Amino acid sequence: MPPRPDPDAAYLERRTLRRGSAGPLLLTGLGVAYVVSGDYSGWNAGLAEGGFGGLAIAAVLMGLMYTCMVFALAELSAILPTAGGGYGFARRALGPWGGFLTGTAILIEYVLAPAAIVCFIGDYVASLGLFGLESGWPVYLACFVLFIGVHLWGVGEALRFSLVVTAIAVAALLVFVFGALTDFHTSGLDDIPVDHGAAGANSWLPFGLLGIWAAFPFGMWFFLGVEGVPLAAEETRDPARTLPKAMAASMGVLLLLALLTFIAATGARGSAALQDVGNPLVEALEPGGEATALSRVVNYAGLAGLVASFFSLIFAGSRQLFALSRAGYLPRFLSLTSRRKAPYLGLLLPGALGFALAAGSGDGATMLNIAVFGATISYALMSLSHLVLRKREPHLARPYRTPGGVLTSSVAFVLALAALVATFLVDKQAALIALLVYAVALAYFAFYSRHRLVAAAPEEEFAALAKAEEELRD
């Protein structure tokens, strides 16, 4: 009698990604691509919250948070190299509820951020006068259709495209820095008027000590998204070795770019002039208001940076949705893959939602603040997962170990909580909207999907193995 087909194998066969498509260079490029648009715009709004000194301190603290978190995630991704990323880590450490809470927070970030960035792309296209287009739904639709199409073509092609666009954006940033430093003046750094009613206010902290905290979300813009590298684990060659190296390399590049961009821009033009403009790097190169050859180059490169981040965040969102769906936390049909091993519904559905949000509201700033709120929740939970697994499973095989161990992830955890609270200081409406979305998702999980999880999914099997090992020890 022939053996019966394995239903679990058949289920997973229809939900597989193309393995071995990404190496260290493509993954490092992916980590930088997630973030590079934040160097071109957005961070400067933190000057209006904390002044030069407040934003500088906030950026240093947020840089420390991301560095510590990346090292913690590098260890976790080497232990569990699956497309679930943070959801998978939290699932093992914190159970199904912790896994869903983390995965949903990540999904909020990676669905809302592309919707916000496509609005900024539209603004750039309009300001550059490209093809006579204005910012609006036709531009948004063209971006989603074109770049989702590249992702549907295949992950290798998608990551190579991302690497090329990111390299252009990074090269232009370095050109900007050299150009801006020729006009560097320290007198412009602390030229924002002082609010003498704020506690601890001075020329470097014009809005006082509380301004440092309020600037946290904008300090995050130099690094927001780099934690998405582990989501490419199932498409990576030798992920246990490659992922930690790529994450460390991309974080090093981002720290250097943040330092150079922040100092050069504010020193060339002054903090007061940059605090409320949409294109701070271009403004820094046009002190008289007249365009130069260099400012035009940086303006076009800013569009390349936005495209790189938009493109890579679509990738991240599709992989997180794929993993949650494959494990049954979300409707299972969303994890089906095409003949080219692309999660086509995981690309099309968030893309359609992102387009609808962008076309319906056009408010990129609010959507990005909602994304930041989701991100900070996931950072706290992922850092906590590292702490829990180090304490509860000290003998778990760890191909890579976080430098500093639990001290490193503890720093990330505390700073993530501080950043979460800071989002309420900046945009209470965005934070409340994110909480409402979170509540709806939790209700779906509580009343429906937690009773329909797929035990054969890699992240669920990993958690089940931990439970079995614990029972044997008892």
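Start by selecting Leu 210, Trp 213, Val 421 and Leu 425, which together form a nonpolar patch on the surface with about 340 Å² of accessible area. Accessible areas come from the Shrake-Rupley method with a 1.4 Å probe, and for residues only the protein chains shown count as cover. Patch residues have over 30% relative accessible area and no salt bridge; like charges are joined within 9 Å, and nonpolar side chains (Val, Leu, Ile, Met, Phe, Trp, Tyr) within 5 Å. A salt bridge here is a side-chain nitrogen of Lys or Arg within 4 Å of a carboxyl oxygen of Asp or Glu.

The model is predicted: local features need pLDDT of at least 70 and side-chain atom pairs count only at pLDDT 80 or more, while totals for chains, interfaces and linings use all residues. Residues are numbered from 1 along each chain as its sequence is written, and side-chain values use heavy atoms, with hydrogens and water left out.

Next, colour helices H8 (210-214) and H16 (406-426); each supplies at least two residues of the patch. Helices are DSSP runs (H or I, at least four residues), numbered from the N terminus. Trp 213 lies in H8 and counts as partly exposed because its relative accessibility is 32%; buried means under 20% relative accessible area, exposed over 50%, and partly exposed in between (1.4 Å probe, protein chains only).

Stay on H16 and show its side chains. Thr 408, Ser 409, Ala 412, Leu 415, Ala 416, Ala 419, Leu 420, Ala 422 and Thr 423 are buried. Looking down the axis of H16, these buried residues fall within an arc of 165 degrees, so they line one face of the helix. The arc is taken from the directions from the helix axis to the C-beta atoms. Leu 407 and Val 414, on the other side of H16, are exposed.

Move to Thr 261 in helix H10 (residues 239-269). Thr 261 counts as buried because its relative accessibility is 1%. Leaving out residues up to four places away in sequence, Thr 261 touches Asp 39, Trp 43, Leu 173, Phe 176, Val 177 and Leu 281 (contact means heavy atoms within 4.5 Å).

Finish with two loop residues. Asp 238, in the loop between H9 and H10, is not a glycine but has a positive phi of about 50 degrees. Lys 341, in the loop between H13 (293-326) and H14 (344-361), also is not a glycine and has a positive phi of about 60 degrees. Asp 238 is partly exposed at 42% relative accessible area, and Lys 341 is partly exposed at 26%.
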